[in-house]
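Dear colleague,

Please find below the structure that I am handing over to you. My notes on what was found in it follow.

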Amino acid sequence: PLFERQSTTSRNNNNNNNNNSRVLVFVRLRPMMNREKEAGCRTCIRILNRRDVYLTDFASDNDYLRLNRFRGRHFTFDASFPESASQLDVYSTTTADLVEAVLQGRNGSVFCYGATGAGKTYTMLGTVENPGVMVLAIKDLFTKIRQRSYDGNHVVHLSYLEVYNETVRDLLSPGRPLVLREDKQGIMAAGLSQYRAYSTDEVMALLLQGNKNRTTEPTRANETSSRSHAILQVMIEYRTRDASMNVINRVGKLSLIDLAGSERALATDQRTLRSVEGANINRSLLALSSCINALVEGKKHIPYRNSKLTQLLKDSLGGACNTVMIANISPSNLSFGETQNTLHWADRAKEIRNKVYETNEELVQDSESDADQAKLLLEVQKENR
Ligand code: ADP
Ligand code: MG
């Protein structure tokens, strides 16, 4: 099998072993900004219905009706969000199911990609008034945990990191660059800080602070670099007992990723790919597109090792993982080329199939301390009463 990554410690065999899931791909169109309207930008995108998108280089409604029915390009995705879609619409359709899967002890990841200014950070982080997927996912997680707290103890930890220029940095505890290490669980950023999360408000504050620590483009002092990737990792640990009263540790990992601007790296064909390779482009993003290509083509070797980003995402892409991609696009005709590229990649990502067949459950071995055992047993007995 190509994409399997079997955990040797896992003892859970009652899952469906043929649970072969496709990467879900969504598109979100952002509204036209006032300054774009003032500059006379026209729209080159129509969201035709809940799933279909039409890209055209003819812009006025008249042109669209008269000429473009047979021109331009038509795409279909798992869902296509018009500019009027709310943050909650986007969260519930794209990510809510994934949060549920992570609570069951699976891994999941959500990527936002697209050109700079297309709405990735808005979708992922959002604002205090309109929190995005990262915050809504954690809020939902807390709600779900509260609802099921009768069957064990959940602990939620957060890490927030950045990959910029092939350097990995901790966004919650800025300092020296982090080194990637591989252990039997996968690839880890050594020394990455973990925060225990208790409430949504606190998480939003933490993430906003973290976002301030993202690398800024040297030329534009206040602007976050379009070449920085931000990754929020949410680890949910859960301890319970199985039918024969064995202690079970369950760990689910949710990765939420605000990718760098795709404008210079996601080339649509080999010719452009070569021509951008010489330029100063984002190696991690290029490596990500190579991995996607290799996964789509069913290659045996997936080149995860080519960049920091793909190393970090190894277990979130093509592995035992539920993956969601959100392609962010701008309506403006000035972004036509970038939008076309983004839609091309989104279309291609639909072909990736991840094998999701197992939870990260682990039977706690005898090394478990007696005091711990006794405490848990008491809890379980209390719950069973
Ligand atoms: P990116 O992270 O892709 O570079 P941003 O998320 O920063 O883009 O979005 C660019 C601008 O557009 C920001 O001012 C952001 O607030 C705004 N924006 C993006 N998407 C939306 C949306 N769905 N609704 C309202 N404003 C949006
Ligand atoms: Mg951004």
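Which residues of α11 are buried? They are E338, T339, N341, T342, L343, W345, A346 and A349. Here a residue is buried if 20 or more other C-beta atoms lie within 10 Å of its own, exposed if 12 or fewer, and partly exposed in between, with C-beta atoms placed from the backbone.

Please note that this is a predicted model, in which local features need pLDDT of at least 70 and side-chain atom pairs count only at pLDDT 80 or more, while totals for chains, interfaces and linings use all residues. Residues are numbered from 1 along each chain as its sequence is written, and chains are lettered from A and ligands numbered from 1 in the order in which they are written.

Overall architecture

The protein has 12 helices and 17 strands; these are DSSP runs numbered from the N terminus, with helices being H or I of at least four residues and strands E of at least two. Of its 385 residues, 41% are buried. Among contacts with a separation of 6 or more, 70% join residues 24 or more positions apart. Two residues are in contact if their C-beta atoms, placed from the backbone, lie within 7 Å.

Helix α11

Helix α11 covers residues 336–349, which is 14 residues. From first C-alpha to last it reaches 20 Å, close to the 20 Å expected at 1.5 Å a residue; the expected span is 1.5 Å times one less than the number of residues. The buried residues of α11 pack against β2 (24–29), β3 (45–47), β4 (52–55), β5 (73–76), α9 (283–296) and β15 (321–329).

The residues around ligand 1 are R30, P31, G114, T116, G117, A118, G119, K120, T121, Y122, G261 and N328, each with its C-beta atom, placed from the backbone, within 6 Å of the ligand. Helix α5 (residues 120–124) gives the most to this shell, with 3 residues. The UniProt annotation "binding site", from an unreviewed entry, covers G114, A115, T116, G117, A118, G119, K120 and T121. Such annotations may be inferred rather than shown by experiment.

Two of the annotated residues deserve a separate note. A115 lies in the loop between β7 (107–113) and α5, and A115 counts as buried because it has 22 C-beta neighbours inside 10 Å. Leaving aside neighbours within four places in sequence, the contacts of A115 include E338 and T342. T116 is also placed in the loop between β7 and α5. T116 is buried because 20 other C-beta atoms lie within 10 Å. Beyond four places in sequence, T116 is in contact with S226, G261 and E263.

The nonpolar core

The largest nonpolar core has 81 residues, of which M134, A137 and M325 touch the most other members. Such a core is a set of buried Ala, Val, Leu, Ile, Met, Phe, Trp, Tyr and Cys residues joined through C-beta atoms within 7 Å. Outside four places in sequence, M325 is in contact with residues including A346 and A349.

Positive phi values

Phi of E166 is near 60°, a positive value in a residue other than glycine. E166 lies in the loop between β8 (153–164) and β9 (167–170). Phi of M245 is near 65°, also positive. M245 is found in the loop between β13 (228–241) and β14 (247–258), and M245 is exposed because 9 other C-beta atoms lie within 10 Å.

Yours sincerely
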